[in-house]
Amino acid sequence: RAVFVCKLTVFVPSLTTNVNCWCGLQIENKMTKEKTQRKHFLETLSVLHWVLTFLFFGLTCSILMVYLMFTSLWPLSALYFVWLVLDWDTPERGGRKIHIVRNWKTWDHFRDYFPVKLVKTAELNPNKNYVLGCHPHGIMSCGAFSAFSTKSCGFAELFPGLRCRLAILAGLFRIPLMREYIMGAGLLPVSKASLEHLLSKSGKGNAVVIVVGGAAESLASSPGVNTVVVRNRKGFVRLALQYGADLVPVYSFGENDLFQQVTFSEGSFGRKLQDLIKKIMGFSPCVFVGEHFLIMPYRHPVTIVVGNPIAVPLRITPTEEEVDHYHGLYMEGLSNLFQEQKVSCGLSESHRLEII
């Protein structure tokens, strides 16, 4: 009898477990099937919209406005240019974000395509301001956009009381029509006037996100590479000191794996051309390929980890020694963040962060 009871005790949980596994498998298959059909299509469409906007929207808007000047609709173009002159400084005065744009359902599909995940490692006091340095730039900074310019990754829920704004290339806010769209998404120019306005005239609880490496870092983007350009970039540290905003290192694991880039060696004609365009236009044209039409990013997970804040004192006129000191603390914090989080974010112990 004792043996029989023992067998029965083992058998019933096993049966229950098998049933639960079978039910879970059925649910998972159903979810996979749903994503393969409708969800998969919506994700692809959302990312395609983002990629086409990133690559062609500015040029298209400029051509359209010039074209209208030579048609019967020229008054529309003329009136817009008048508006553009009157509204010229708005991007540097906090912009004009539209919550509907930031809450679009399309950004949820955009997030799920990769997917993008935002990870919190420390509390950020909403009674302070912060300068978040995000690395690496990658080709299009897809992770940074999803996490910090839309509400799809839950930044407001992870860091209650903080208002997050992503700062991007200032020249994009001079392009007609496009400036209205990117301002609506809450983006701001990464200019001194814009950042100073946000840190000095918008109260507390502001989190300004700067992709520190910029165009130079995008040229180092390649799958399996963890290179950041920050060693000689100290302007964001000086800004943090001038307004007493704490520095926060952020690393976007997987950002460099979204595209394959054709890299040119230093001194080659291709690299000289990239550097020339960067000097004139402020950005470097990258030669890259992805999947589907060669412009779609690979479906690779992107995990954005927000590190520990580095306390920064208020120094209206910081000395070079102070800037160097806190810049060194920032690089140390970024290195520690990478080392502590790399394995949990899909990298091996052998990966190392290269700071140039």
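Helices (H or I, at least four residues) and strands (E, at least two) are taken here as DSSP runs, numbered from the N terminus. The structure is a predicted model, in which local features need pLDDT of at least 70 and side-chain atom pairs count only at pLDDT 80 or more, while totals for chains, interfaces and linings use all residues. Residues are numbered from 1 along each chain as its sequence is written, and side-chain values use heavy atoms, with hydrogens and water left out.

Asparagine 206 lies in strand S5, which covers residues 206-210. The side chain of asparagine 206 comes to 3.3 Å from the backbone oxygen of leucine 198. Beyond its neighbours within four places in sequence, asparagine 206 is in contact (heavy atoms within 4.5 Å) with Lys128, Asn129, Tyr130, Arg163 and Leu198.

Helix H2, residues 74-86, has 13 residues and reaches 19 Å from its first C-alpha to its last, close to the 18 Å expected at 1.5 Å a residue, where the expected span is 1.5 Å times one less than the number of residues. Ser77, Tyr80 and Leu84 are buried in H2. Seen down the helix axis, the buried residues of H2 fall within an arc of 65° (taken from the directions from the axis to the C-beta atoms), so they line one face of the helix. An α-helix has 3.6 residues a turn, so residues three or four places apart point the same way. Leu79, Val85 and Leu86 are exposed on the other side of H2.

The loop between H2 and helix H3 (99-102) holds threonine 90, which counts as buried at 19% relative accessibility. The side chains of threonine 90 and aspartate 87 are joined by a polar contact of 2.5 Å (a pair of N or O atoms within 3.5 Å; within protein, one must be able to donate a hydrogen and the other to accept it, and residues adjacent in sequence count only if both atoms are side-chain atoms). Not counting residues up to four places away in sequence, threonine 90 touches Gly95, Arg96 and Met183.

Terms used. Buried means under 20% relative accessible area, exposed over 50%, partly exposed in between (1.4 Å probe, protein chains only).
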